[in-house]
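The sequence and structure come first.

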Amino acid sequence: MTGLNIYGENLTNSMILGTALYPNLDVMRKAIQTSNVDMVTVSLKRELTGGKNNFFWQHIQQTRCKVLPNTAGCRTADEARMIAKAAREIFKTDYIKLEVIGDKHTLQPDVFELLKACEMLIEDGFKVLPYCNDDLIVCQRLVQLGCRVLMPLGSYIGSGQGINNPEAFKLLRQRFPDITLIVDAGIGTPSDATKAMELGFDGVLLNSAIALADDPVTMAKAFDLSIKSGKLAYQAKRMPKRAFAQSSTNLEDTPFWQ
């Protein structure tokens, strides 16, 4: 069982964890460490407003995780490009989780601005991880632009509804066998994460499902186990579904004694 490949870099864990909404920084750090993740995603705004006594960053550094900056809150391609360039200077990385939001209520991506931003950032030398919907055509365009990672939403950000369209996820896996697929948004329970991995996805990015749990640290461990279990199940390949019952023991010519 392997972890997660992001533009040629191998992570040992198939989960990426967000760093917002935790009840306090101690719980955040313990949840990250318990989850065994290699990478956490952070908003550039936390760095810009943290100041010299930025205890958030002290806790992140203690986890020794790689940092994946994101463009959370951006609504246009130009804004996302500006944030991405600032993130590259601050974090010394070409990786960027690209978010361009089109609706303030659903937080769905604006696919037109997303494609525009993706094209600009790839030209700028970024390795883009786009937050997108599960539309096949949009995903095809992103791959054509040069994305080697896709991050379609399972359901609305922070909703905890799970994967609303598993058939779309199956189709993406079939059409993009060589692209890293990471479900981003909507995961609510460890069983949701298991389902994503059983559908053939390579990884899961989540935040609220752990941060807003009554016990985030224990939930982090549950997600770590569930994602590993789902990946093993996908690799093992499930039994075929049957229309009728089939006995596990051949009853023909079986002697019976009273």
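Q: Which residues line the second largest pocket?
A: The model is a predicted one. A residue counts as lining when it has an atom within 4 Å of a pocket point. For the second largest pocket, the residues are K170, R173, Q174, K195, E198, L199, A233, Y234, K237, R238 and K241.

Q: How do the residues of that lining divide into nonpolar, polar and charged?
A: Among the lining residues are K170, R173, K195 and E198. Lys, Arg and Glu count as charged, while Tyr counts as nonpolar. The division for the second largest pocket is three nonpolar, one polar and seven charged.

Q: Which element supplies the largest share of the lining of the second largest pocket?
A: At least two residues each come from α7 (166–175), α8 (190–198) and α10 (216–236). The largest share is three residues, and its source is α7.

Q: How much space lies in the largest pocket?
A: The second largest pocket holds about 400 Å³. The lining of the largest pocket has 31 residues, with A20, A72, E99, I157 and N207 nearest its centre. The space in the largest pocket is about 610 Å³.

Q: Which element gives the largest share of the lining of the largest pocket?
A: Four elements, β4 (39–43), α2 (44–48), β10 (203–206) and α9 (208–211), each contribute at least two residues. The largest share, three residues, belongs to β4.

Q: How many residues in the lining of the largest pocket are charged?
A: The lining of the largest pocket comprises 31 residues. Of these, 14 are nonpolar and twelve are polar. The number of charged residues is five.

How values were computed
Residues are numbered from 1 along each chain as its sequence is written. This is a predicted model: local features need pLDDT of at least 70, side-chain atom pairs count only at pLDDT 80 or more; totals for chains, interfaces and linings use all residues. Side-chain values use heavy atoms; hydrogens and water are left out. On a 1 Å grid over the protein atoms alone, a cavity is a set of points where a 1.4 Å probe fits but cannot get out, and a pocket is an open set with protein on both sides within 12 Å along at least five of seven lines; lining residues have an atom within 4 Å of a point. Grid points are joined across faces, edges and corners, and a volume is the space filled by probe spheres set on the points.
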